[in-house]
Amino acid sequence: MSGDALATVLGATLLNRRGDYVSSAILTETRRCQVVGVFVSAGWVPDAKAHTDALLAWYSRFRASKHGSLLEIVYVSQDRCEKDFVAAFEHMPWFAVPFASRMRVLRHLPVDALPSLVLLDGQGQIITARGRQVVQNDPSGSHFPWNTAEYAPSAAQRTVTALRGGLQQLLWLLWAALWQVVGWLQQCSGALGAWGTLHVKRGTAHFLAQLWIVFKSLLWFLLTAPWKLLVWLWQRRKPAARSSAASPSSTASPHASGVDIV
């Protein structure tokens with residue numbers, strides 16, 4: 001198993017149960033995990049606590065099974081502040097992605113709702129994005145490592161993940177460029193004296209506060225829009241298929257056209 005491949009998804013550094021920074025390679029090189037569950041959630045989600053409690057109970061049962069040492073879970077917070085993340089992580093017995101790195105991880109995962117549980121293999125490849133279904137349908141973990149076609153990600157999910165990663169990368173580049181502009185404004189304010197510095201700082205702080213609100217809204221839209229678009233197109237495809245099948249041109253004289261009706 002390759003720790004480097006898994007680090008591409010989770011990052012090079014994780015937090016352990018004690019809150020210490022450790023290398024993400026510990027999952028595969030030291031613990032020899034075959035499956036890593038990436039749990040993405042946030043305290044502000046209405047049913048987050050219920051899902052977290054269900055996952056905790058399942059995790060305890062699985063750790064006591066014969067495959068217990070071959071799976072680990074990594075928490076990726078989508079809380080609004082680091083204080084909320086720390087409060088939630090204190091009650092979790094697994095690893096976590098540092099709060100500052102949480103958004104980067106989502107570029108590699110098909111997360112379209114919160115909470116989500118994505119199962120990865122030791123190479124960082126997605127086994128299934130329906131980890132919550134695994135928890136519900138396989139309470140004893142007897143189907144470990146869940147690498148059958150039943151749980152495999154669909155082509156649509158892989159497309160959405162790739163599209164979302166590209167859009168997020170573009171958004172992060174724009175955000176970095178805006179920070180460069182802010183830094184330039186603060187440097188220019190030094191030439192205006194104390195009065196100019198005070199007013200530029202106040203204006204910059206207000207601008208950044210408003211920009212952060214817009215940025216978060218836009219980021220969440222980019223996370224969900226591709227998947228919603230595919231669902232919408234699929235729903236429109238079904239009525240079109242039914243109307244096509246019911247039209248006279250498609251039902252009249254099937255044998256004359258040489259088309260077999262299955």
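Residues are numbered from 1 along each chain as its sequence is written, and side-chain values use heavy atoms, with hydrogens and water left out. Because the model is predicted, local features need pLDDT of at least 70 and side-chain atom pairs count only at pLDDT 80 or more, while totals for chains, interfaces and linings use all residues.

The protein chain has 10 helices and seven strands, which are DSSP runs numbered from the N terminus (helices H or I, at least four residues; strands E, at least two). Of its 262 residues, 39% count as buried, where buried means under 20% relative accessible area, exposed over 50% and partly exposed in between (1.4 Å probe, protein chains only).

S41 is found in strand β3, residues 35-41, and counts as buried because its relative accessibility is 2%. Leaving aside residues up to four places away in sequence, S41 touches A48, Y75, V76, S77, Q78, D79, L114 and P115, a contact being heavy atoms within 4.5 Å.

R63 is partly exposed at 31%, whereas E72 is buried at 0%, and salt bridges that share partners join R17, R63 and E72 into one network. K49 and D53 both lie in helix α3, residues 48-63, four residues apart, about one turn of the helix.

Terms used: Salt bridge = Lys/Arg side-chain N within 4 Å of Asp/Glu carboxyl O.
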